[in-house]
Amino acid sequence: HSQFNSTMGKSKFLEYVRPLMFLVPEVPKPGPNVKIDIKEKMFWTLGVLLIFLVCCQVPLFGVTASESSDPFYWLRVILASNRGTLMELGISPIVTSGLIMQLLSGTKIIEADQSLKEDRALFNGAQKLASMLMTLVEAILYVVSGMYGPVSEIGFFIATALVTQLTTAGAICILLDEMLQKDYGMGSGISLFIATNICETIIWKSFSPTTMNIGRGTEF
């Protein structure tokens with residue numbers, strides 16, 4: 001009886017999450033009789049890559065060019081983010097929420113029996129919900145902290161538009177990662193995004209030499 005109560009107490013968090021599952025968009029898994037061949041996997045992987053690269057180049061509506069230094073410059077490569085674009089947040093919400101959920105699971109604050117299909121689905125759903133919430137929180141913090149200028153200057157409409165764009169792009173990033181993980185593509189979305197961002201940075205740096213001005217004019 002005590003063991004049953006203990007299990008119920010540990011699983012209570014997942015039971016609280018269950019009614020919220022309808023808020024979480026989901027990529028359906030391929031049917032048991034559906035076999036995705038290597039060509040189709042390559043097609044989906046390239047499609048995900050193309051969407052990611054487009055999002056990395058589409059500027060956020062309402063953002064003006066800033067001459068200020070980028071506080072996250074050295075983190076952008078590993079977070080697969082690009083300043084001033086739809087991919088401003090990159091994979092940081094996915095990674096952060098994943099670390100928090102694994103920490104809570106590891107310390108037994110949240111316990112899910114991964115051998116049970118229902119518990120596993122609930123835990124994954126809770127992790128995705130945490131990613132969505134983290135995306136929204138990070139988007140709000142980016143705007144409120146003055147990353148794109150003081151809110152009093154850019155106005156409420158632009159601030160709301162920025163939060164909406166960042167949250168939507170973050171949700172797309174989460175779904176693209178899930179699509180690859182559910183056997184539609186090859187590998188993990190997170191690994192793919194990081195590798196692509198590193199390659200993109202190397203190519204841009206190679207063909208765009210950095211300039212500096214030390215008082216004698218612009219030097220390469």
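**Ground rules**

I am working from a predicted model, in which local features need pLDDT of at least 70 and side-chain atom pairs count only at pLDDT 80 or more, while totals for chains, interfaces and linings use all residues. Residues are numbered from 1 along each chain as its sequence is written, and side-chain values use heavy atoms, with hydrogens and water left out.

**Overall layout**

I looked up the secondary structure and found 8 helices and 2 strands in the protein, the elements being DSSP runs numbered from the N terminus (helices are H or I with at least four residues, strands are E with at least two). Along the sequence the pattern reads α-α-α-α-α-α-α-α-β-β. Of the 220 residues, 36% count as buried, where buried means under 20% relative accessible area, exposed means over 50%, and partly exposed lies in between (1.4 Å probe, protein chains only). I also looked up contacts, meaning heavy atoms within 4.5 Å: among those between residues at least 6 apart in sequence, 72% join residues at least 24 apart.

**Helix α8**

I checked the length of α8, residues 189-207, against expectation: at 1.5 Å a residue its 19 residues should span 27 Å, and the end C-alpha atoms are 27 Å apart, which agrees. The expected span is taken as 1.5 Å times one less than the number of residues.

Which residues of α8 are buried? I find G189, L192, F193, T196, N197 and E200. They cover an arc of only 125° around the axis, which puts them on the same side of α8; the arc is that of the directions from the helix axis to the C-beta atoms. On the other side of α8, I202 and S206 are exposed. The buried residues pack against α2 (38-57), α3 (76-79) and α7 (156-184).

At the N-terminal end of α8 I note a cap by S188, with a side-chain oxygen 3.2 Å from the backbone nitrogen of I190.

**Nonpolar cores**

I take a nonpolar core as a set of buried Ala, Val, Leu, Ile, Met, Phe, Trp, Tyr and Cys residues joined through side-chain atoms within 4.5 Å. The largest one has 21 residues, of which V48, F52, M87, C173 and F193 touch the most other members. The elements that give two or more residues to this core are α2, α7 and α8, and α7 gives the most, with 7 residues. A second, separate core of 13 residues includes Y148, I154, I158 and L166.

L79 has its place in helix α3 and is partly exposed, with a relative accessible area of 23%. Its C-alpha atom is separated by 5.5 Å from that of G90, 11 residues apart along the chain. Setting aside neighbours within four places in sequence, I find L79 in contact with L89, G90, I91 and S92.

A80 lies in the loop between α3 and α4, and at 0% relative accessibility A80 counts as buried. Its phi is near 50°, a positive value in a residue other than glycine.

S81 lies in the loop between α3 and α4 (92-106), and with 5% relative accessibility S81 counts as buried. A polar contact of 3.0 Å joins the side chains of S81 and R76; such a contact is a pair of N or O atoms within 3.5 Å, where within protein one must be able to donate a hydrogen and the other to accept it, and residues adjacent in sequence count only if both atoms are side-chain atoms. Not counting residues up to four places away in sequence, S81 touches R76, M87, E88, L89, G90 and N197.

**Cysteines**

How many disulfides does the structure hold? I count 0 disulfides, a disulfide being a pair of cysteine sulfur atoms within 2.5 Å. For C56, the nearest cysteine sulfur, that of C55, is 7.3 Å away, and C56 counts as buried at 1% relative accessibility. For C173, the nearest cysteine sulfur, that of C55, is 8.2 Å away; C173 also counts as buried, at 1% relative accessibility.

**Helix α5**

I ran the length check on α5, residues 117-144: at 1.5 Å a residue its 28 residues should span 40 Å, and the end C-alpha atoms are 40 Å apart, which agrees. Just after α5, G146 takes a positive phi of about 90°.
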